[in-house]
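Have the sequence and the 3D view ready.

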Amino acid sequence: MDEQGVKVKNPWHRPVVIFLAAVIIVGIIIMVAISVVQNKPLHQKYKYGIVLDAGSSHTSVFIYEWPAEKENNTGMVRQKHTCNVQGKGISSYSANPQGAGASLQLCMEEAKQKIPAHRHPETPVYLGATAGMRLLRMENEEASDKVLDSVAHSLKSYPFSYQGARIISGQEEGAFGWITVNYLSKNLRKPTGTLGALDLGGASTQITFVPQQNIESYDNSIDFRLYGNDYHLYTHSFLCYGQDQALKLSMGKKLESTLKADETDPTELRDPCFHPGYNFTRTVPNVFNTPCMKEMKLANETFFHVGLGNWSQCQQSIRKVFNTINCPYSRCSFNGVFQPSVYGDFGAFSAFFFVMDFLNLTSDNLATTKQKLAAYCSTPWKKIVENHPNIKEKYLSEYCFSATYILTLLEDGYKFTSNNWKDIRFIKKIGDSDAGWTLGYMLNLTNMIPAEAPDTSLMPYGGYVTFMFLFSLLILVLLLLVYFYFRRSTRTAQKDII
Ligand SMILES: Nc1ncnc2c1ncn2[C@@H]1O[C@H](COP(=O)(O)OP(=O)(O)O)[C@@H](O)[C@H]1O
Ligand SMILES: [Ca+2]
């Protein structure tokens with residue numbers, strides 16, 4: 001054989017091999033490019049924010065954290081830690097304002113431990129006071145200013161970035177509660193519906209939702225643009241209609257009517273909202289020490305608060321604190337306040353949750369809820385105490401009243417019915433974070449919810465992983481094909497040589 005006459009075919013010159021090689025190279029370039037875009041922030045660094053919720057009954061400190069590079073992405077902020085300040089709310093320090101600031105010390109020291117020291121100077125700290133301080137400001141503005149000065153002075157002594165201590169308005173409290181629950185439920189960047197917010201405190205209560213009807217009163221309307229979507233919210237805060245103030249309103253009315261019936265000062269207040277066998281000596285000023293009611297002068301300083309345990313009579317007595325006669329609009333909730341029909345699902349948190357959860361009433365229909373509550377209210381006080389030895393007696397004695405108040409507020413006040421009762425979800429947390437106004441307040445003040453939608457990752461994480469896996473598989477298959485093709489070509493060539 002003439003060796004020179006044999007030509008060994010170079011497999012690299014075949015068009016199919018050139019094509020395969022090109023596909024592999026392009027594939028590798030695409031994979032590298034996607035990895036770079038997807039994993040831009042390789043090291044997760046966290047930032048922190050602190051909000052103090054100075055409520056009428058107590059103060060809580062919330063610490064939030066979020067990945068530094070993703071602060072404008074919805075759902076990235078989570079609650080890292082909470083601390084309950086010992087003692088009562090800051091409005092109870094009106095006679096001793098210094099005590100208000102001092103009461104925050106333990107929780108603020110805890111915040112120093114929980115947040116890495118190098119982040120302290122850039123960590124914002126905000127204090128928002130709610131209805132307890134609104135009432136104190138109505139009663140005695142100088143005292144409320146002193147209490148705020150005292151907490152401000154205390155907060156400035158920590159290494160964080162102090163951003164202010166103020167009384168927030170009822171509209172802010174409602175709107176920020178709505179932002180919190182919708183941020184945590186990840187409703188804000190989707191076209192799906194939003195969740196209404198129901199917050200029950202000790203001194204005020206808020207209702208906030210996106211209505212279907214026109215909002216007839218300017219005071220009840222709030223507009224937001226979040227992540228490129230416009231929201232038109234209805235909100236109202238009822239001062240004096242938190243559960244503690246509502247109890248005072250209701251007892252005040254009962255004292256008044258007993259006085260009218262007897263014409264002598266009542267020595268006994270027979271109360272259907274408390275358990276049979278409950279008997280507690282109370283002072284008259286303790287009922288009327290609130291700007292929510294006109295003071296009633298009684299000669300007797302004390303009276304016996306005696307329980308009857310009758311749910312339907314209790315509801316009758318509670319209805320008297322809602323004025324449903326005058327309504328200057330097409331429709332009202334109560335006290336002449338405009339309210340469109342409730343619409344959509346609602347998250348009911350704070351005392352709505354504490355009370356309904358304690359009584360196991362969070363998942364029944366309205367009729368069953370009423371039956372169960374009637375049975376609970378008629379249970380003798382002695383038995384209630386025996387069954388719950390570890391619950392604070394003040395809370396325990398008031399659950400019958402509070403739950404009856406909640407049902408009356410929701411049904412007679414806000415006009416929920418047995419049909420849409422199931423749309424109310426009694427919630428404490430969503431994920432790791434408490435439902436309440438504090439998270440929404442911080443998101444707003446740190447500009448963490450932009451009006452327009454921010455840039456997103458190229459694709460969601462799940463999609464990214466699947467894409468990378470399938471692409472790698474494809475490249476592997478191509479490589480194998482090339483390999484076998486090579487082997488065959490080389491063998492054929494060798495055979496040709498032989
Ligand atoms: N475990 C509990 N059981 C019942 N009620 C509770 C519990 N924990 C807190 N509360 C009540 O929740 C309410 C919280 O209100 P708060 O935020 O202090 O007032 P406001 O929001 O009106 O300023 C208070 O009435 C408090 O007594
Ligand atoms: Ca509150």
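## A sheet and its helices

In S13, Phe 349 is the bridge partner of Asp 199. This is a predicted model, where local features need pLDDT of at least 70, side-chain atom pairs count only at pLDDT 80 or more, and totals for chains, interfaces and linings use all residues. Residues are numbered from 1 along each chain as its sequence is written, while chains are lettered from A and ligands numbered from 1 in the order in which they are written.

That bridge partner sits in S13, which pairs with S6 in the parallel sense over five bridges. (Strands pair if DSSP finds at least two bridges between them; helices, H or I with at least four residues, and strands, E with at least two, are DSSP runs numbered from the N terminus.)

Both belong to an open sheet of six strands with mixed pairing, in the order S8-S9-S7-S6-S13-S14. Its edge strands, S8 and S14, each pair on one side only.

| Helix | Residues |
|---|---|
| H9 | residues 311-319 |
| H13 | residues 393-413 |

Their axes are 9 Å apart, at an angle of about 60°. (Axes are lines fitted to C-alpha atoms, for helices over the stretch in contact, and angles run from 0 to 180 degrees between N-to-C directions.) H9 and H13 are therefore oblique to each other; angles under 35 degrees count as roughly parallel, over 145 as roughly antiparallel, 65 to 115 as roughly perpendicular and the rest as oblique.
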